[in-house]
Amino acid sequence: QVQLVESGGGLVQAGGSLKLSCAASGNIVRGSVMGWYRQAPGKQRELVAAVTRGGSPTYVDSVKERFTISRDNAKNTVYLQMNSLKPEDTAVYYCNAKALGLYGYDYWGQGTQVTVSS
């Protein structure tokens, strides 16, 4: 069973930075679309950023120019660098590994809390 373990969350003041990491137990990062999602209290989980197997990133509009997703296939790890954090970025952040097709899969991490104070 593949496990995704997030780390790097915490409490930061508005305007600060955090870097989240997602380490996979299996050698799946290379073959997966890797994504970071977040869920704030009372809201639906939303996709924040994703990176394809080829390394192309996509971002939700609210984090463009502030967040950067990257992957290190050799370390089976995906990162989310978050700069210029805002109170509205406060949420639990989840890592996701996804592949489509007959042998597809959809794995989630346990989440890491990010709290941005004003």
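Mentor: Start with the pairing of β4 and β5: in this predicted model, the two strands run antiparallel and are joined by 5 bridges. Within that pair, Met34 stands opposite Val51 of β5.

Trainee: How many residues lie between β4 and β5 in the hairpin?

Mentor: There are 6 residues between them, and Gly42 in the turn has a positive phi of about 80°.

Trainee: What does β5 do with β6?

Mentor: β5 pairs with β6 (residues 57-59) in the antiparallel sense, over 3 bridges. Ala50 stands opposite Thr58 in β6. This is again a hairpin, with 5 residues between the strands, and Gly55 in the turn has a positive phi of about 100°. The chain as a whole has 11 strands and 0 helices.

Trainee: Which residues of the largest nonpolar core touch the most other members?

Mentor: As a general idea, nonpolar side chains in soluble globular proteins tend to be buried together. Here the largest nonpolar core has 28 residues, and Leu4, Trp36, Phe67, Leu80, Met82 and Tyr93 touch the most other members. Elements giving two or more residues to this core include β4 (33-39), β5 (46-51) and β8 (77-82).

Trainee: Which residues does Leu80 touch, leaving out those up to four places away in sequence?

Mentor: Among them are Leu18, Leu20, Trp36, Val48, Phe67, Ile69 and Tyr93.

Trainee: What radius of gyration does the chain have?

Mentor: The chain has 14 Å; a compact globule of 118 residues would have a value near 13 Å, so the two agree. Buried residues make up 42% of the chain.

Definitions and conventions:
Residues are numbered from 1 along each chain as its sequence is written. This is a predicted model: local features need pLDDT of at least 70, side-chain atom pairs count only at pLDDT 80 or more; totals for chains, interfaces and linings use all residues. Side-chain values use heavy atoms; hydrogens and water are left out. A nonpolar core is a set of buried Ala, Val, Leu, Ile, Met, Phe, Trp, Tyr and Cys residues joined through side-chain atoms within 4.5 Å. Buried means under 20% relative accessible area, exposed over 50%, partly exposed in between (1.4 Å probe, protein chains only). Helices (H or I, at least four residues) and strands (E, at least two) are DSSP runs, numbered from the N terminus. Contact means heavy atoms within 4.5 Å. Two strands pair if DSSP finds at least two bridges between them. The radius of gyration is taken over C-alpha atoms; the globule rule is 2.2 Å times the number of residues to the power 0.38.
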